[in-house]
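Subject: Handing over a structure

Hi there,

Here is the structure I promised to pass on to you. Please open it alongside this email, and then read on for what turned up in it.

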Amino acid sequence: MTTTLPYEDSEDFARRADAEDALRTFRDAFLFPPGPDGKPVVYLAGNSLGLQPRNAARYVQEELEDWAKLGVEGHHQGRHPWLHYHELVTEQAARLVGAKPQEVVVMNTLTVNLHLMMVSFYRPTRERFKILVEGGAFPSDQYAVASQARFHGYDPREAVLELKPRLGEETLRTEDILATLDQHGHEVALVLLGSVNYLTGQAFDLAAITRTAHAKGCLVGFDLAHGAGNLKLSLHDDGPDFAVWCSYKYLNGGPGSLGGVFIHERHSRSRDIPRFEGWWGHDKTTRFQMGPDFDPIPGAEGWQLSNPPILQLAALRASFELFDKAGMEALRAKSERLTGYLEFLLDKLPPSFVRITTPRDSKQRGAQLSLRFKGEPQGMLKRLSDAGIICDFRKPDIIRAAPAPLYNSFTDVYRFVKTLEGHARG
C-alpha cells in the first residue's frame, strides 16, 4: 500500500486508494456471488466462508480427470501424484503461520485436530488439571474442552477456567490474562485460546501469553480459525506447543475444507507424548511394509491418521498459491489500512446507530469489526443483503464485517458504510 493517512470520506478517495493498492489484482482471482441486481456483491463475510478462487475448479477437475484416466495409478502417475499431494501445501502453510515446514501439516478438520492435540497436550494431574479458555469461545471449542475434561474424569465446571472481561467491558485485557496465569498457573494443565475471538474480533498477544504460561509450567495451544490468513503469525518464534486452524474462512479453501496443525519442533521426536495413531503418520520409508508397530514421522506429519482427501487439497492449493504470491506481510499491511478505513467511516455515523465492539488498537484485531446496531440487527442484515452487501449475524446482536485484503477493496468498504448511512439518517 502506498496510500497514507489521512483517510477521506469520499468515493474519490476510495477509488484512489484502490488504484494505488499493490494487491488490487488479486481481487480478479476470486468469484463473487451476484447480488439482486446481478452485479457482484460486496462480500464482507470472509471470516465465515471465504470466496472461491477461480483456479479451484480447474485444480479439482485435474484430479478428477486423473482419477478417471489412471484409477489407483494416480497415486504415483498423476500430474500431482496423490501419495505426496498434501506435501504440495506444506511449505505454503508453514509460511502462512510463521512456522518451519516440519512443524505443520494440513489434515482433518479443526475440531478433529483440536481433539487430537488435546490427547497429546492435555495431560492432567491431581494438582494441575485445569484448562484456561476465553469466556465466549466458539462453541465447538467449548464442547471440546468440556468433553476432554469429562473424559479424564473431571467436572468441566471445576476443570475449565474461563477468562472474563472486566465489568462493563467487552474484550479481555492482556494484563488480566497474564495475571490469571500468575495466580492460577500452578493449577492449569493447558492454556487454549483463540488467536482471534470469533465474536468480538479481538486478537490476543500469543507471544506474551505463551511466555507467561510456560513459565508457570502450562502447555499452550491456540485455535487459529480466525487468525490463519488474517494475522501475520509467528508460531515458531512465539513458541506455543501446538495450534490448529480451519481453511474455509480467510484461507478460502471451500465449505468444510481441511484444517491444519502446528506442533512446535521441540516435540518433533518425542516418543513419550501420547497420541492417537494412524498409518498415514507412520514413517514414509516403511509405511507400505504394513508392519505391526507404529513408527511416527518426525514432526507434525506424525500425527496424521489417514491419507488425505485429494479434491479438498486441490481446491485449497488454489488459495494457498495466492497467499504465497501476495505474502502475509503485505496482506496484513493492507488489512490494517482497509479495516482502519472501515472504522474511520463508521465513526462518522450517528453513535446511537452503531457501535464498534472490536478493539480500536490495530494490534488487537484482524480484518473483522463487530458491530452493534440500534434496533433489530437481523433486519439490518436483510436490508444490507437486499443492497448486495453480505455480512453475517451472531447472537445476540452482532453483525460482523470483515474486509479481507486478498479480494476486498476500499470501494467495497465505502459502499458498505454509505448503505448504512442511508438507513441511519432515513
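Helices (H or I, at least four residues) and strands (E, at least two) are DSSP runs, numbered from the N terminus. The model is a predicted one, in which local features need pLDDT of at least 70 and side-chain atom pairs count only at pLDDT 80 or more, while totals for chains, interfaces and linings use all residues. Residues are numbered from 1 along each chain as its sequence is written, and side-chain values use heavy atoms, with hydrogens and water left out.

His 423 sits in helix α14 (residues 410–424). Leaving aside residues up to four places away in sequence, His 423 touches Phe 353, Met 380 and Arg 383 (contact means heavy atoms within 4.5 Å). His 423 is partly exposed because its relative accessible area is 32%; buried means under 20%, exposed over 50%, and partly exposed in between (1.4 Å probe, protein chains only). Between the C-alpha atoms of His 423 and Arg 211 there are 47 Å, and the two residues are 212 apart along the chain.

Next, the sheets. Two strands pair if DSSP finds at least two bridges between them.

β4 runs antiparallel to β10, and four bridges join them; Val 104 has Phe 262 in β10 as its bridge partner.

Strand β5 (residues 130–134) deserves a look too. How many of its five residues are buried? Five of the five are, so the strand is mostly covered by the definition of buried given above. Lys 130, Leu 132 and Glu 134 point one way from β5, while Ile 131 and Val 133 point the other way. β5 pairs with strand β7 (residues 188–194) in the parallel sense over three bridges, and Lys 130 stands opposite Val 188 there. Strand β6 (residues 160–163) also runs parallel to β5, joined to it by four bridges, with Glu 134 opposite Leu 163.

Another open sheet has four strands, ordered β11-β12-β15-β14, with antiparallel pairing. Its edge strands are β11 (354–356) and β14 (392–394), each pairing on one side only. Neighbouring strands in this sheet are turned by 35 degrees against each other on average, direction ignored. Three bridges link β14 with strand β15 (residues 398–401) in the antiparallel sense, and Arg 400 in β15 is the bridge partner of Asp 392. Helix α13 (residues 377–386) lies across β12 (369–373), β14 and β15, and runs at about 170 degrees to β14.

Finally, a spot on the surface. Met 290 belongs to the loop between β10 (259–263) and α11 (310–326), and Met 290 is exposed, with a relative accessible area of 54%.

Happy exploring!

Key
Axes fitted to C-alpha atoms, helices over the stretch in contact; angles between N-to-C directions.
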